[in-house]
Amino acid sequence: MTKQELFENIQRKKSFLCVGLDTDVNKIPEHLFDESDDPIFAFNKAIIDATADLCVAYKPNLAFYESLGLEGWEILERTVEYIRTYYPDQFIIADAKRGDIGNTSAMYARTFFGNMDFDSVTVAPYMGEDSVTPFLTYEDKWVTLLALTSNKGAFDFQFMKDAETGERLFEKVLKTSLNWGTDENMMYVVGATKAEMLTDIRAIIPEHFLLVPGVGAQGGSLAEVAKYGLNSTCGLLVNSSRQIIYASQDADYAKAARLEAEKVQLEMEQILFAAELIQ
Ligand SMILES: O=c1ccn([C@@H]2O[C@H](COP(=O)(O)O)[C@@H](O)[C@H]2O)c(=O)[nH]1
C-alpha cells in the first residue's frame with residue numbers, strides 16, 4: 001500500500017485506528033473452545049468482522065502466535081489471508097521487532113513480505129543499516145522502525161545523550177535512518193506514553209507516518225498524540241490492542257470490541273475534522 005492510499009483510507013473511514021491482534025489463548029472467551037475447533041482464529045475473525053469499518057490497520061503481535069508453535073503460525077497466516085480477502089483496504093503490520101545481519105534480515109523480509117502478505121514489519125534499529133535495508137527492497141512494503149518505545153525501559157537507553165551534541169539516542173536513530181528509506185516506505189514507532197516528545201520528533205521527521213502504541217491499556221492519550229503528532233497526511237496510526245479486543249470476555253466480546261473501537265474512531269473523526277483533514 002502506498003502512503004497516498006493509506007491517507008485516503010484514513011479520510012474515507014475517518015479513522016487512524018490500528019487494532020492490535022494480541023490474541024492470548026488465556027484471555028479469549030471460554031465458550032469459543034466449546035463451539036469451535038479453531039477458537040483463536042474464530043476470535044480473530046469475529047474481532048476483525050466487528051471492527052474493520054472502524055479502523056485502517058491491524059497489527060498482530062507475533063509473540064502471541066509464535067508462543068503457540070506451528071499452530072500459532074498457521075493461525076497467523078490464516079488471519080492475514082482473511083483480512084486480505086475480506087478487507088483488502090487494511091494495512092497489516094507484523095509486530096515482530098526483527099532485524100539481524102543482512103542475509104538473515106533478508107530471510108525475515110521474505111517471511112513477512114514474500115511468503116505472507118503483510119504491508120509492514122516492525123524492525124529494531126540496534127543492528128544498523130544493513131539489518132534494515134533488506135526489508136526495503138519490496139515494492140509498496142514498509143519498515144516500521146522502533147524509535148521511542150512506550151515502555152518504562154525506554155528510559156534505559158533511548159534518552160541517552162551524545163556527550164558532544166546533546167542528541168538523544170532516539171533522535172540519532174531518526175536522523176541516521178532517514179537515509180535508509182523514505183517517508184513512502186518507512187514509518188516509526190513512537191509510544192503514546194511519550195507524546196510530549198512528538199514535537200521534537202516531528203522536527204526531524206515531519207512527513208513520516210508514526211505507529212503509536214500505548215493508548216488504552218497503557219494509559220497514553222490520543223488527544224496528546226494528535227496534538228503533537230498529526231501532519232498534513234494525518235501521519236499517525238494509533239494502535240490499541242487489549243482495550244479493544246478484551247473489552248468483554250463473555251459471549252458479547254465482538255460487540256464489546258466494536259463499542260470500544262467506535263469510541264476511539266469517534267474521537268479520531270473529531271480530531272481529523274478539527275485539523276481539516278476531512279470535511
Ligand atoms: O513501544 C512499543 C512497541 C510495541 N508495542 C506493542 O503494541 C501493542 C500494545 O498493546 P496494548 O494492549 O494496546 O497496550 C502490543 O502488541 C505491544 O507489544 C508497544 O506497546 N509499545
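**View 1. The largest nonpolar core of this predicted model.** This core has 82 residues, and those with the most contacts inside it are Leu17, Cys18, Ala147, Leu236 and Val238. Helix H13, which spans residues 253-274, gives the most to this core, with eight residues. Leaving aside residues up to four places away in sequence, Cys18 touches Cys55, Ala57, Tyr58, Lys59, Ile93, Leu211, Leu237, Val238 and Asn239.

**View 2. Helix H9 and its buried side.** Within helix H9, which covers residues 169-177, the buried residues are Phe170, Glu171, Val173, Leu174 and Ser177. Seen down the axis of H9, these buried residues fall within an arc of 155°, so they line one face of the helix. An α-helix has 3.6 residues a turn, so residues three or four places apart point the same way. The exposed residues Lys175 and Thr176 are carried on the face of H9 turned away from its buried side. The partners against which the buried residues of H9 pack are helix H7 (129-132), strand S5 (142-148), strand S6 (186-190) and helix H10 (198-204).

**View 3. Lys97 in strand S3.** An unreviewed UniProt entry places the feature "active site" at Lys97, a residue found in strand S3, which runs over residues 91-98. Lys97 has 16 other C-beta atoms within 10 Å and is therefore partly exposed. Not counting residues up to four places away in sequence, Lys97 touches Thr122, Ala124 and Leu146.

Note on methods:
Residues are numbered from 1 along each chain as its sequence is written. This is a predicted model: local features need pLDDT of at least 70, side-chain atom pairs count only at pLDDT 80 or more; totals for chains, interfaces and linings use all residues. A residue is buried if 20 or more other C-beta atoms lie within 10 Å of its own, exposed if 12 or fewer, and partly exposed in between; C-beta atoms are placed from the backbone. Helices (H or I, at least four residues) and strands (E, at least two) are DSSP runs, numbered from the N terminus. The arc is that of the directions from the helix axis to the C-beta atoms. Two residues are in contact if their C-beta atoms, placed from the backbone, lie within 7 Å. A nonpolar core is a set of buried Ala, Val, Leu, Ile, Met, Phe, Trp, Tyr and Cys residues joined through C-beta atoms within 7 Å. UniProt positions are given in the numbering used here, feature names are shortened, and annotations may be inferred rather than shown by experiment.
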